[in-house]
Amino acid sequence: MKVLVAIKRVVDYNVKVRPKADGSDVELNNVKMSLNPFCEIAVEEAVRLKEAGTASEIIAVSIGPKVVQEQLRTALALGADRAIMVETDSEPQPLGVAKLLKAIVDKESPDLIILGKQSIDGDNNQTGQMLAALAGIGQGTFASNIEVADSTLNVTREVDGGLQTVTLTLPAVVTTDLRLNEPRYASLPNIMKAKKKPLDIFTPDDLAVNLTNTVSMIKVEPPAERQAGIKVASVDELVEKLKNEAKVI
Ligand code: AMP
């Protein structure tokens, strides 16, 4: 089974993001960038499938500027066999990413495509769903467990009401939720080995994909500062404040 894993370079989750002075975007100068946490889970799941003898090859793919090679090398150090970078300096939106991934799917014909459920920078939660629609294949989103059985895949999904299990015919798209697994750290020898693994580079033009964005960002601003709380001495005082100050009861 060939597994394609889509990974995104994002601001590290420990960074407290701030807008640029002109509010046009998030400030990315001198900010630590990392592999999107849900994509780490996607890579880990693919590696576990390979370790279990279910997957035969793992291909990591990322779309973005040249520096996304850093995250592709991380995926290779974690266990991917080879990488594909689609190089673009424009920041494609989910539909553009999904179209590029569809072009890679057409080239590689993977049996399983694993994505994160969302990227923590844009919080879009759209790419996997769009890719499945464009490719005309099934999708199991927000996966907390997957089990491969011959040419089908059982995916346990984390939905509002609890857990839902769906059976998908392969090829299929899966997007990862937090509880699917706990990703490993890359070992130093594997980081060294990753430098020699193959990495192919394409441009959107090579893949005949037009990346016209259809959504424009108006402004980025920080959320309103939270007011400091106060301590009340009694329930009566609490009720009085909720009634007369906060006016919520
Ligand atoms: P999103 O729809 O932006 O929340 O992203 C969901 C998932 O789509 C991510 O976790 C990645 O697996 C994949 N994805 C989004 N953007 C990219 C990108 N530029 N390159 C590769 N994969 C991406």
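Close-up 1. Asn124 has a side-chain N or O atom 3.0 Å from an oxygen atom of the ligand. For Asn36, a polar side-chain atom is 3.1 Å from a ligand oxygen atom.

**Close-up 2. The shell around the ligand.** There are 17 residues around the ligand; Ala6, Ser119, Asn125, Gln126 and Thr127 come nearest (near: a heavy atom within 4 Å). By class, the shell has seven nonpolar, nine polar and one charged residues (Ala, Val, Leu, Ile, Met, Phe, Trp, Tyr, Cys and Pro count as nonpolar, Asp, Glu, Lys and Arg as charged, the others, Gly among them, as polar). The largest share, three residues, comes from β4 (strands are DSSP runs of E, at least two residues, numbered from the N terminus).

Close-up 3. Asp12 sits in the loop between β2 (9-11) and β3 (33-35). Asp12 is buried, with a relative accessible area of 7% (buried: under 20%, 1.4 Å probe, protein chains only). Its side chain makes a polar contact with the side chain of Ser34 (2.5 Å). Such a contact is a pair of N or O atoms within 3.5 Å; within protein, one must be able to donate a hydrogen and the other to accept it, and residues adjacent in sequence count only if both atoms are side-chain atoms. Leaving aside neighbours within four places in sequence, Asp12 is in contact with Lys32, Met33 and Ser34 (heavy atoms within 4.5 Å).

**Notes.** Residues are numbered from 1 along each chain as its sequence is written, and side-chain values use heavy atoms, without hydrogens and water. In this predicted model, local features need pLDDT of at least 70 and side-chain atom pairs count only at pLDDT 80 or more, while totals for chains, interfaces and linings use all residues.

Technical notes
Helix = DSSP H or I, 4+ residues; strand = E, 2+ residues; numbered from the N terminus. Buried < 20%, exposed > 50% of the residue type's maximum accessible area, 1.4 Å probe, protein only.
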